[in-house]
Structure formats: structure tokens, C-alpha cells
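Reader: Hi! Could you walk me through this one?
Author: Happy to, here it is.

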Amino acid sequence: MSDPKGNLHYCFTPLAAWIADMPEEGLLAGTAMKVSPVTTATSKEFGDPYQHPPCTAATMLAAICSACSQYSPTDYKNFLKAMRWFQLNGIIEPCWNSWLLSDPSIFLTPEVLHHFHWMFWDHDVKWCIDVTGATELDFHFSIIQTLVGYRAFSKGISRLKQVTGHDHCAVQCYIIATVAGSIPCEFLTAIHALLDFCYLAQVLSFTTQSLEKVTSSLQEFHDHKEAIVSEGIRVDWQIPKLELLQSVVPSIRQSGAVMQWSAEITEHAHIEEIKVPACAGNNQNYNNQIVCHLDWLDKCLHFDLATYIQQHADQHGTDDENPSDSDAEEEYEADGEGYLSAYSTLTCRIPDYFSISVSLLLGKVPSTPKPYCTFATPMTGFHLSTKPSFRLTVDEASVAYQLPDLEHALATFFANGDTL
């Protein structure tokens, strides 16, 4: 790069962070499968309630040199035994070796999607299902009040297969309420502490006090994790992602907030740019067909954009000669908003129930059946389903929800005329 005086300088970008999941981190660090990629902990030490010493670049390179000095890499059989002795995966020239000031224990930062959300789904949810029972937990999820902007699980969660990060976040909001009363208190405390840790670690800025809360939440989980073992769910704690949680606070101190190192954007781009075009082909020559599909999509976007701009210009020219009423102009603008929506990434729009309820009260939508299912107070918006997710008789509801006086209460309610 050139400086303000025109002098050329060599500039080297430091390796601040490498966003990767657990298998990729092991490949980058050069460690074996049952060894932490950022510390010296082994599989039997993954459940320890403290952080092990970091596995620095100097330590890793020294171990590789020691293994190479015993056997030549060409002697693959004996060389592989030596690498296993040093808990390495066989890589002798890591990609970060010649990168100045790079260290796997620093640039391998915690990643929210895989280390937090996927760990919650692979372990926390499975533990709750095993203790509560799949049928019982699915029933709890089917009757819970759904929050605005979150997914509803009308058929439960035990049989879900294709689960996204947004689904993980939705389940995390509900899981404590759905298992409370069905699992032991110590078990619930452990799950609650682990969720608190994940929530607190995703804050965008930290202070000394907030980092202490993150540390104390993880310690609370370790203090109560034996309740999970006592239920017969786990025999050991050989969970690599659990050991990585010990490195979250040190990573925040060294590299900043964890939320900036998320693979959710790249994972979503992989779906839009790779998986969707691949499904549009005939399962032959994937690379060529994906490139052709993306090239076709890009050409269609530019063509539609050009025609939209031309139509917009023509419309303004017509409006100058023959002014139209405001309704037609508003209709034209509304059509223009969605003209190119087929080429943009779909986003989830959260409905504004406050505005909807005001419109209903003012009679702007006279065809809406009454009573209105959408209404609001100054602080809370409500939206009720017009069709129930399931139907029960009064007697069935009395038994299912243990309400022996339900029939009498309903009779008294309608007798007093307090109907909608």
C-alpha cells in the first residue's frame, strides 16, 4: 500500500478471528478429535469447571517438530502413531504457521450458532426430552402461548429434523416454562444456568461486572450438573463444546464480543447461493449448474431492474402531463415495492398489532368479523387465533387441566351475561 507521500509499504493483516465450527477448528489447530483446539484439555477433562492452559502456537509447532523428528511423514504408519501420541491430527504445516502473530488459542473464537445454539439443541433439549418424555414435552409446547415474532410448535419439538438458528432461539424462550414442574429442581437449575450463560455471552458490550455474571452462570451449571447424571442421562461429560464455554470470557477480553463472530450469515448465504440452485438442477454437474443458475438469476435481476426504472420514468412523465389522483399514485408505489422482491432475501416481518387494532377500532376494515381477534392496550398487543389448534369438550378439558369446577364456572359466566 502507498502512504500519503507515495511510498510503497508491505502491509500484513493480522489474523484476528477465524469463524468455524468444532470439526473445522480441530483441523485448523492441528489437534486430534478428542482434544480441545484451544486448550490442553482432553476428552476426560471436558467437564472440568475451570479453564485449562491455552494450547499456544509455539506448543503446537513444538509438538509437530517432535513427531517429525521421530518418524518421517513418508513413513505414514509410524508417523501417524507418533502424531497420536502428541494428540495431533497429522497436519505438519498449519496454514497459520507463516502468519505473523497468529495463535489458534486466540483467533479461534467462540461462534454463537454452533457453540451456543447447536449445543443447546444437541444436548440441553435432548436431556429435557429424556427426563420429561417426548409425548409430554410435545404437548407442553403445543399449548404454550406463542410470542410475537417466534415460531409456534403446534406438534412439539421431539420430531423436528430441519432446525434453523431462529428455531433454536424460539425453543430457548420456551424450554424453561415447558419443563418446569416435570423435572427435578436441581436439573432445572442446571438447564437454566446454561441458558443464562448463553444469553449473557451474546451481549454486544461488556463490563467487568457483566463478565463476572457470565462466569458465575457457567459455574452455577457445573455446581448442579450432577443432577443430570443422577437422572441417568449422561455417564460422563465428554462434550467438546462444553469445554469451549470456559474460553468464552477470555476470548471476550482478547477479541471483543462473541456476537461479531457468528456463522449464521454465511450459513444462510450457503443456503441461498448453493443449496437452492443445486435443488433446481438434475443432480448432475453441480458446480456448472449452480454457476449457470446464479448467472441466469443475475441477468434477470439486471433486466427487471432496468425495465422497472424505465417504467418508473415513463410513469412520472405521464403524471406531469395528466395528473392522476392520489389513490392511483399510492397503488403504483405499492406495486413498485414488491416488483423486485423475488430477487431479494426473504425476511420475517413482525406484524404491528398496535396499528392493526387501531385500524379495526376506526372501522377501516369493515369486512372484519366481530368480535375482533386483534386488540391492544397502551403497552401490550394481543392477537387471538380464529381457529383453535385443537378442540376439547368441557369434560375433557376439566380432566386434562385438572379443573374440576370448570363446568360450573362456565355456567356462572354465561348466566351473568359476561359474554363477548
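Author: About 40 Å³ of space lies in the largest cavity. A cavity here is a set of points, on a 1 Å grid over the protein atoms alone, where a 1.4 Å probe fits but cannot get out, and its volume is the space filled by probe spheres set on points joined across faces, edges and corners. This is a predicted model, where local features need pLDDT of at least 70 and side-chain atom pairs pLDDT 80 or more, while totals for chains, interfaces and linings use all residues. Residues are numbered from 1 along each chain, and side-chain values use heavy atoms, without hydrogens and water.

Reader: Thanks! Which residues line the largest cavity?
Author: Glu25, Val38, Leu108, Thr109, Pro110, His115, Leu244 and Ser247 do, each with an atom within 4 Å of a point.

Reader: And how many cavities of 30 Å³ or more are there?
Author: The count is 1.

Reader: Switching topic: which residues have the most contacts inside the largest nonpolar core?
Author: Those are Phe116, Phe221 and Leu245, in a core of 43 residues. Such a core joins buried (under 20% relative accessible area, 1.4 Å probe, protein chains only) Ala, Val, Leu, Ile, Met, Phe, Trp, Tyr and Cys residues through side-chain atoms within 4.5 Å.

Reader: What is Leu245 in contact with, leaving aside neighbours within four places in sequence?
Author: Leu245 meets His115, Phe116, Met119, Leu194, Phe197 and Leu218, contact being heavy atoms within 4.5 Å.

Reader: Nice! And how much of the chain is buried?
Author: Of its 420 residues, 31% count as buried.

Note on methods:
Buried < 20%, exposed > 50% of the residue type's maximum accessible area, 1.4 Å probe, protein only. 1 Å grid on protein atoms, 1.4 Å probe; cavity = no way out; pocket = protein on both sides within 12 Å on 5 of 7 lines; lining within 4 Å.
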